[in-house]
Amino acid sequence: MVFASVRLCLTLRRCYAGKTVVLISLPKGRLPGLTALAALVGAFLSSSAYAGDALVAVAANFSEAVEHLATHFEDTSEHTLTITTGSTGKLYAQIRHGAPFDILLAADQHRPRLLETESQAVAGSRFTYAIGRLTLWNSDPKCISTAGPAILRAGAFDKLAIANPDLAPYGAAARETLKALGLFDTLRHRIVMGENIGQAHALVATGNADIGFVALSHVLSPRNRQKGSRWDVPQHFYTPIRQDAVLLNRGSDNPAAHAFLDYLKSKESRGVIESFGYAVD
């Protein structure tokens with residue numbers, strides 16, 4: 001049967017995240033038969049399954065980069081993201097205790113690998129999205145020159161900030177660097193710890209520590225108005241900070257989670273990540 005006498009414009013719409021998205025618009029005139037119309041409506045209804053929200057747990061060092069990435073992702077897709085940041089160790093513990101995250105963007109490879117081993121994440125979904133870089137930083141433009149080790153050995157400072165090595169991979173990298181320089185035991189009593197690398201940066205930025213091992217991404221951030229001076233730690237002093245993403249079990253059927261992980265692998269996304277002071281494969 002064909003509705004030959006009906007003349008109207010049929011528009012199927014879906015409301016999503018406060019916006020109305022036009023999916024199908026049929027011109028005035030002869031409408032399709034019931035079978036064709038049913039197929040169009042079915043396509044519309046099934047398409048709603050492709051839009052959704054993903055809850056993403058993100059290592060503190062990557063917080064600003066992921067804001068830029070998430071904004072562009074949402075602007076160019078039908079999906080939305082909810083971002084939670086913290087130390088990788090704490091995020092891992094929360095996931096183990098049932099936190100409803102769909103994705104983990106860790107600051108290491110160890111925790112995503114553990115989550116796969118513990119059947120908390122989708123096997124084969126893990127990949128490196130960024131390689132972090134460690135720098136010794138002070139907010140004074142004249143404080144640190146290329147002779148970073150000499151400054152540490154001279155000890156003309158009161159407090160040295162690092163992230164907690166047991167929770168934050170950047171903290172572990174700082175500890176490795178100090179040990180490689182033979183200075184960890186000497187400077188142990190001067191070390192003040194932030195729970196994550198963001199807090200370590202804040203300790204130096206606020207003057208609560210004289211110098212600190214922080215993420216290069218924080219120093220290069222547009223929000224950091226204290227460019228100061230720094231010594232970028234050579235890679236041979238610490239294990240590469242390969243930061244892995246992994247799809248968690250809760251996100252296995254979430255189209256937004258899958259789409260965002262695909263976006264992280266794109267050329268455009270990689271360019272943004274590099275602009276924030278990370279290396280990429």
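Trainee: In which hand does α2 pass α10?

Mentor: A crossing is left-handed if the near helix is turned anticlockwise from the far one by less than a right angle, and right-handed if clockwise; here α2 passes α10 in a right-handed crossing. Helices (H or I, at least four residues) and strands (E, at least two) are DSSP runs, numbered from the N terminus. Please keep in mind that this is a predicted model, in which local features need pLDDT of at least 70 and side-chain atom pairs count only at pLDDT 80 or more, while totals for chains, interfaces and linings use all residues. Residues are numbered from 1 along each chain as its sequence is written, and side-chain values use heavy atoms, with hydrogens and water left out.

Trainee: At what angle do the axes of α2 and α10 cross, and which residues meet there?

Mentor: Axes are lines fitted to C-alpha atoms, for helices over the stretch in contact, and angles run from 0 to 180 degrees between N-to-C directions. The axes of α2 and α10 (residues 255–264) cross at roughly 115 degrees and come within 11 Å. Contact means heavy atoms within 4.5 Å, and on the α2 side Val66, Leu69, His72 and Phe73 meet Ala256, Ala259, Phe260, Tyr263 and Leu264 of α10.

Trainee: How does α2 pack against α11?

Mentor: The axes of α2 and α11 (residues 267–275) are 10 Å apart, and the two helices pack at an angle of about 155 degrees. That makes α2 roughly antiparallel to α11, since angles under 35 degrees count as roughly parallel, over 145 as roughly antiparallel, 65 to 115 as roughly perpendicular and the rest as oblique. His68, Leu69 and His72 of α2 make this contact with Glu268, Ser269, Val272 and Ile273 of α11, and α2 passes α11 in a right-handed crossing.

Trainee: Across which strands does α2 lie?

Mentor: Helix α2 (residues 63–75) lies across β3, β4 and β5, and runs at about 175 degrees to β4. A crossover is right-handed if, with the strands pointing away from the viewer, the path from the first strand over the helix to the second runs clockwise, and β3, α2 and β4 make a right-handed β-α-β unit.

Trainee: In what order do the strands of the open sheet stand?

Mentor: Two strands pair if DSSP finds at least two bridges between them. The open sheet has five strands in the order β4-β3-β5-β12-β6, with mixed pairing. Because β4 (80–86) and β6 (127–132) stand at the edges with a single partner strand each, one side of each is left without a neighbour in the sheet. From one strand to the next, the twist averages 20 degrees.

Trainee: How many bridges join β3 to β4, and how many join β3 to β5?

Mentor: Seven bridges join β3 and β4 in the parallel sense, with Gly86 in β4 as the bridge partner of Ala59. Strand β3 (residues 53–59) also pairs in the parallel sense with β5 (residues 103–105), over three bridges; Ala57 stands opposite Leu104, and Val58 stands opposite Leu105.

Trainee: Why is β3 largely enclosed by the rest of the structure?

Mentor: Buried means under 20% relative accessible area, exposed over 50%, partly exposed in between (1.4 Å probe, protein chains only). Six of the seven residues of β3 are buried, so β3 is largely enclosed. Of the 281 residues of the protein chain, 46% count as buried.
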